[in-house]
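Student: I have not seen this structure before. Please show it, and then I will ask about how its parts meet.

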Amino acid sequence: AQLRERPIFSVEIVERNIARGRGAVSCVASASDCVVVGTTRGYLLRYDFSQGTSPVSEIELSKAAAASVSAVFLDGTAFHVLACVSTDVVLENHYVHAKWKKSRLMSKLKGVAVTSVGWNEEKVTEQSTGPALVGTAHGVLAELQVEEKDKREKHFKHLYILGEGREPVNTVEVKSSSGRTVVMAVTPTRFYLFAGDSHLEVLFAAYNSRKIPLSALIELPGDETHTSQLFVDHELDSFAWLAQPGIYHGHISHP
């Protein structure tokens, strides 16, 4: 008898009303058996499937008129969430820890249009985000660190601007090992690679001062309004860049 091949992927419904009446789903992120959902009414819903069930926590991020969650970013451990909220007045950015019932408004990020977050897995703990790299709609790369015990973000500093700020940073990836850090970032039309000191501020200072030339830059045709996506392996040795012309992939020879 001929054996029936098993499908590579399978799909099953785990929640039929994922927004739970809190508006429409506007954005989603997932990691470590956890799914966070942002809604058009300013709510953040957290589903934890680690125990085979789906206990849900709900947090109203903003009571402002016309508040809508425009983006959510979840680190690999699922302890830390950065949520971006659009209102009719200003852009807000909120931090939420997995154990919290309320969010923390990050005052230093007021008005900042966050488009990507690169979590450094080697430096993330349950109590701290570690030095994460935030990408913005205006091409800025900035360092962000939040501690669970603090009442505000510990650190937020602009480090570098990609392409004179003409394009948003769609994806940023960060990895540290053996005293060195590698950063990959993509905009709609460009791929960047940075490598150097383990401290982000020192690394980018070397590029800003021209002591280290920009080590890799790939440019593809495309529209600045198109959103690209970067996928990398765990060691940042191989990558696939989903850009407007198609998929560009390869291996990285770290400088």
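Student: How much area is buried between domain 1 and domain 2?

Tutor: This is a predicted model, in which local features need pLDDT of at least 70 and side-chain atom pairs count only at pLDDT 80 or more, while totals for chains, interfaces and linings use all residues. Residues are numbered from 1 along each chain as its sequence is written, and side-chain values use heavy atoms, with hydrogens and water left out. Buried area is the accessible area (1.4 Å probe) that two parts lose on being put together, summed over both. Carbon and sulfur atoms give 65% of it here, and the area is about 1,200 Å².

Student: Which residues of domain 1 lose the most area to domain 2?

Tutor: Domain bounds come from an automatic or database domain assignment, which gives domain 1 as 1-105 and domain 2 as 115-254. Three residues together make up 43% of what the domain 1 side buries: F73, H80 and R104.

Student: Which residue forms a salt bridge with K99?

Tutor: A salt bridge is a side-chain nitrogen of Lys or Arg within 4 Å of a carboxyl oxygen of Asp or Glu. For K99, the closest N and O atoms are 2.7 Å apart, and the partner is E126.

Student: How many residues does domain 2 bring to the contact?

Tutor: The centres of the two domains, taken over C-alpha atoms, are 23 Å apart. Contact means heavy atoms within 4.5 Å. Domain 1 gives 13 residues, and domain 2 gives 18 residues.
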